[in-house]
Amino acid sequence: PPKDGKSAKKKGGNISKAERERLQREADEQRLREEEEARLIAEREESERLERERIEQEKQQLLELKDRERREDELNELRHILDENHSAVTEWETECRNKAKWERYMRCDGSPDPSVLPEINSFISLWREDSENQIQRVLEKCALSLQLTDELDFLLSEGPEPCTAQQYRETILCLQSIILYKLNQATEELLKFANSNSDIETGNMQTVVQDDNVTLCLWANLNKNPRFKGYRFAEVGLGFELPKPLAVCDIAVRILHTRYDHLSHHSEREQVQRRRSMMESILTSPSETAAAVQDGKVEGEGDEGESSKQVKEESRSVRSESRKMSAVSVISAKEGRKSSTVKLLEEGESQMEAIATGLETDQNGSNPSPAELVFESADIHIVDLQQFTPLGGVFYFDVFHLPPQSRTVKGWEMRELLETGLQVFPYPTEQSRIQSSTSVRLDEHSSTVALLPVGVTVALPDSILFLEDPQVARWDPIGQHWRTDCISETNYDSETRSISFRMNAFYAFTLLQESYANMPFQSWELRPLGQDSALFTITGALTEVSITIKDKQCMLHMEETRDLDHLLGKWMSPSELRKAMKRAGINIFVNEYSDKYVSINSKDPLIEHTVYEQMALMSSAVAFSWSRWNTQCGQEHLVLQACEQLEAEPVAEEAWSLYLLGAQRNQHLKMKEHDSSFSPELAEGTEFHSTFLHMLRQDMSIEGQARIRQSHYLYTDTVQRLLWATRVLTYS
């Protein structure tokens, strides 16, 4: 039985050859049927795809045809609106200028009109000859002179005639010079009576005098204590340390903090002129250069009138200025070099004399050779004022000979009178100064530089917001530059907001911050708050800035800021706000050099400017925002988010739509901001338009369209100026 069972099992497991062939045929037939079905499905899908593409192509052609048919009408309508607004703004600005001139003419406060040469010359001459050196009276006159320079700066910004502009620049330099001159005279007057005002505890004289523009800290060494190390003016947060050799000398130390900056513009002019000279030397062949030198001419001087005419034309053209960053500043700087009426102060002026001497050399038109230019441009210690911004004004740190003090003899007060004026105490000596200068060039680590340095402690000005730890630069009166060498042991205390450092001599110094520390922007949004009102928010690399726009005024808002009450919550014009923010260290504005220091998303400036114009027209009813896809669409296109927003509240995330903008065509995209990949596919039910304005307006409510039509030209001009000043589509 076991044998039979095994045989049966083996027999049942065998498949006949015929059976195997039948199964194979069935499998082949099944495979063929599946392949045929797959082929039919593929053919049907391909046919459907081709049909869809044909329909889409026909639809695309129809939309393009409609766009071409209405293109001229849309462009003409937009051009008409922009031209009307521009004409209205220009007329309003002219009326304001005329009104300001009339009010200035009718002013009866005794102050001279700085634009009238006889008046301002008389003011300067009479003040120079005035023997009144009492400090409070001098500070009052200095404040008036600063107001006059501000008036002239405003007049220069309007693009006057070339000869008039040159006159204004010369007047500004004269006013700046006499301000320094009078402050030195007032300092000397205080030091003459140092022994009468000496402190009982220290035996020395220390005093602080200040107003809104100037803080004067003065210390006179009457006691000559060899153990004296330094003094701190606690009420203003300024202090100094002296080496032992100075502690036993008849000296006076002054820290003069001016909240204005009358030095940096000299360095800017030098740097611009150096760049121009270097470019000219590159473009000029050696033979041409030699011929020019032989003839006593320097290529590039040109005709001042022609250059000034170009300045006038470019500054008066708002559209041209916005569309193309011109070389106005370069040409203006070139004109500034030709000023020749600033008189040097005949009295001793400490550092100011060297500064004025350098200015005279600059005005004589002497240009460094190309070789010198290359060397100077390679000097890493020279501060590039396009990359860094001086903040908080200038601190003039000086040491003077103490004037002879009065003596009482038999009831008579006797005083030696000197005609030399305020005299600088040489520290270090001329020989050691030359050695130190040489060692700086040859060896940055030379011990000569660190020999017996002087120390300074400065509390950061409350009106300045430093986004990063501040840097220190000292003024070089010979080279007319801010420099970072000869400064050591810099220490910043973030809790007390004070910075201390040492210098190898007494220099004027300033605090620096990187101009573009808050760039590139992380995001931005412009949303309406009502008719002719909007909120412009920029999230920078380090802080967020919000600007409320109402009619032609702007108001700044920021969180987590201290002591900026003079700036926050104040209505200003766009130009005033821009100046105030930059002075406070809050820079979100760009210029023609910004792209050299910031990583940007390069875009066609003409397309970008056109988009800003249309955004401004619609900003009372439409919200706009940054899009991450703007970096994926190339230089000739822009991508941003937009939606109609009639309520003064944040925009809902799902309300945003993406728009692809170009020079010839604008379209509403089907994709959303958070999609995984970029697609230029057109949104359903939308059409192509030649302008961004008509694209958004076609789906807008009646109320929204009414807001756009009723937008005031001054409001749209203000929004456009802010958008172009920040260029958020490029710098985000």
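## Cavities

Six cavities of 30 Å³ or more are counted in this predicted model. A cavity here is a set of points, on a 1 Å grid over the protein atoms alone, where a 1.4 Å probe fits but cannot get out, and its lining residues have an atom within 4 Å of a point. Grid points are joined across faces, edges and corners, and the volume is the space filled by probe spheres set on the points. The model is a predicted one, in which local features need pLDDT of at least 70 and side-chain atom pairs count only at pLDDT 80 or more, while totals for chains, interfaces and linings use all residues. Residues are numbered from 1 along each chain as its sequence is written, and side-chain values use heavy atoms, with hydrogens and water left out.

The second largest cavity holds about 90 Å³ of space. Its lining includes Thr 389, Leu 391, Gln 513, Glu 514, Tyr 516 and Lys 582. By class, four lining residues are nonpolar, six are polar and two are charged; Ala, Val, Leu, Ile, Met, Phe, Trp, Tyr, Cys and Pro count as nonpolar, Asp, Glu, Lys and Arg as charged, and the others, Gly among them, as polar. Strand 6 (388-401) and strand 14 (508-514) each supply at least two residues of this lining. Strands (E, at least two residues) and helices (H or I, at least four) are DSSP runs, numbered from the N terminus.

Buried means under 20% relative accessible area, exposed over 50%, and partly exposed in between (1.4 Å probe, protein chains only). Strand 16 pairs with strand 15 (residues 523-530) in the antiparallel sense over seven bridges; two strands pair if DSSP finds at least two bridges between them. Trp 524 has Ile 538 of strand 16 as its bridge partner. Strand 16 also runs antiparallel to strand 17 (residues 544-550), joined to it by seven bridges. In this second pairing, Thr 539 stands opposite Glu 544 of strand 17, and a hairpin connects the two strands through four residues.

The hairpin of strand 15 and strand 16 has two residues between the strands. Asp 532, in the loop between these strands, has a positive phi of about 55° although it is not a glycine. Most residues other than glycine have a negative phi, and most peptide bonds are trans. Asp 532 is buried, with a relative accessible area of 9%.

## Other strand pairings

Strand 20 (residues 637-644) is mostly covered, with six of its eight residues buried. Phe 624 stands opposite Ala 642 of strand 20, while His 637 faces Gly 662 in strand 21.

Strand 9 (residues 454-459) also has two antiparallel pairings: four bridges link it with strand 4 (residues 238-241), and six join it to strand 13 (residues 498-503).

## Aromatic contacts

The model has 17 aromatic pairs. Rings of Phe, Tyr and Trp (its six-membered ring) pair if their centres lie within 6.5 Å; planes under 30 degrees apart count as stacked, over 60 as edge-to-face and the rest as tilted. Tyr 612 and Trp 724 form an edge-to-face pair, 6.0 Å centre to centre with 70° between the planes. Tyr 612 lies in helix 16 (residues 605-618) and Trp 724 in helix 19 (residues 713-726), so the pair ties together parts that are 112 residues apart in sequence. Both Tyr 612 and Trp 724 are buried.

Elsewhere, ring pairs link Trp 219, Phe 228, Tyr 231, Phe 233 and Phe 240 into a cluster. The charged end of Arg 474 sits over the ring of Tyr 507, 4.5 Å from the ring centre; this requires NZ of Lys or CZ of Arg within 6 Å of the ring centre and within 35 degrees of the ring normal. Arg 665 is placed likewise over the ring of Phe 688, with its charged end 4.5 Å from the centre.

## Cis peptide bonds

A cis peptide bond joins Tyr 427 and Pro 428, with omega about -10°. Pro 428 lies in the loop between strand 8 and helix 14. Another cis bond runs from Met 519 to Pro 520, with omega near 0°, and Pro 520 is in the loop between strand 14 and strand 15.

Note on methods
1 Å grid on protein atoms, 1.4 Å probe; cavity = no way out; pocket = protein on both sides within 12 Å on 5 of 7 lines; lining within 4 Å.
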